[in-house]
Structure formats: C-alpha cells, structure tokens
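Please look through the model below, and then follow the questions and answers.

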Amino acid sequence: MWYDFLKDLPITVNRQKVIGNYIADFYCANAKLIIEIDGTQHYEDEGIKSDKKRDEFFKELGIKVLRYSNEDVNNNFDGVCEDILRRL
C-alpha cells in the first residue's frame with residue numbers, strides 16, 4: 001500500500017504515526033484521516049473490542065479511521081485505492 005500508492009500522493013501521508021498511545025498504520029494530517037490495513041486478528045472478539053476503543057479515541061480527536069482487510073488490499077487493490085482517494 002505504501003510503496004505502490006500512498007507515498008506518491010500529492011498530500012503528505014505518514015507511516016506508523018504515533019497518536020496518543022496508538023500507532024496508526026498510515027495518517028494524513030491534512031485530511032485528519034487514518035488508514036488501517038487489518039490482519040485476521042482484527043476480526044476476532046479481542047481485536048474487535050480493541051479496535052472499537054481505539055477508533056473512539058481517534059474520533060474524539062476528530063480523526064476518521066478507514067479500515068481495510070489484508071484480503072481487500074490483496075484482492076482489490078485498485079478498489080481500495082479508489083476508496084481512499086474518494087475519502088481524502
């Protein structure tokens with residue numbers, strides 16, 4: 001995602017950005033947008049619970065979180081990129 005898309009955008013996107021006690025996969029400050037690429041652990045009970053708490057923290061800061069599964073990125077890369085562009 002980084003090398004094939006995000007790093008070449010005309011706006012700044014940071015990788016592994018520390019925000020509070022969390023590390024966002026990708027963060028665009030201009031858009032107040034976090035992009036998360038989630039592995040299978042995020043779809044288990046503990047992961048869902050943890051992500052909900054995390055997303056609520058970001059929401060309180062006025063930051064929107066976009067989540068895509070690894071499977072989405074691997075099987076529909078262009079669609080994921082188009083969705084990110086629409087939301088930026």
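**How the sheet is put together**

Q: Which residue of S4 is the bridge partner of Asp38?
A: In this predicted model, Asp38 has Ser69 in S4 as its bridge partner.

Q: How do you know that S3 and S4 pair, and in which sense?
A: Two strands count as paired if there are at least two bridges between them, and S3 and S4 have six bridges, in the parallel sense; therefore they meet the definition of a pair.

Q: What makes S1 and S2 a pair?
A: Strand S1 (residues 14–19) is joined to S2 by five bridges, and the two run antiparallel; since at least two bridges are required, they are therefore a pair.

Q: Why do S1 and S4 stand at the edges?
A: The four strands form an open sheet with mixed pairing, in the order S1-S2-S3-S4. S1 and strand S4 (64–69) each have a single partner strand, so one side of each is left without a neighbour in the sheet.

Q: What makes strand S2 mostly covered?
A: A residue is called buried when its relative accessible area is under 20%, and five of the seven residues of S2 (residues 22–28) are buried, so this strand is mostly covered.

Q: Which strands does helix H3 touch where it packs on the sheet?
A: Helix H3 (residues 77–87) touches S3 and S4, and its direction makes about 175° with that of S4.

Methods: Residues numbered from 1 in each chain as written. Predicted model: local features only at pLDDT ≥ 70, side-chain atom pairs only at ≥ 80, totals over all residues. Heavy atoms only, no water. Buried < 20%, exposed > 50% of the residue type's maximum accessible area, 1.4 Å probe, protein only. Contact = heavy atoms within 4.5 Å. Axes fitted to C-alpha atoms, helices over the stretch in contact; angles between N-to-C directions.
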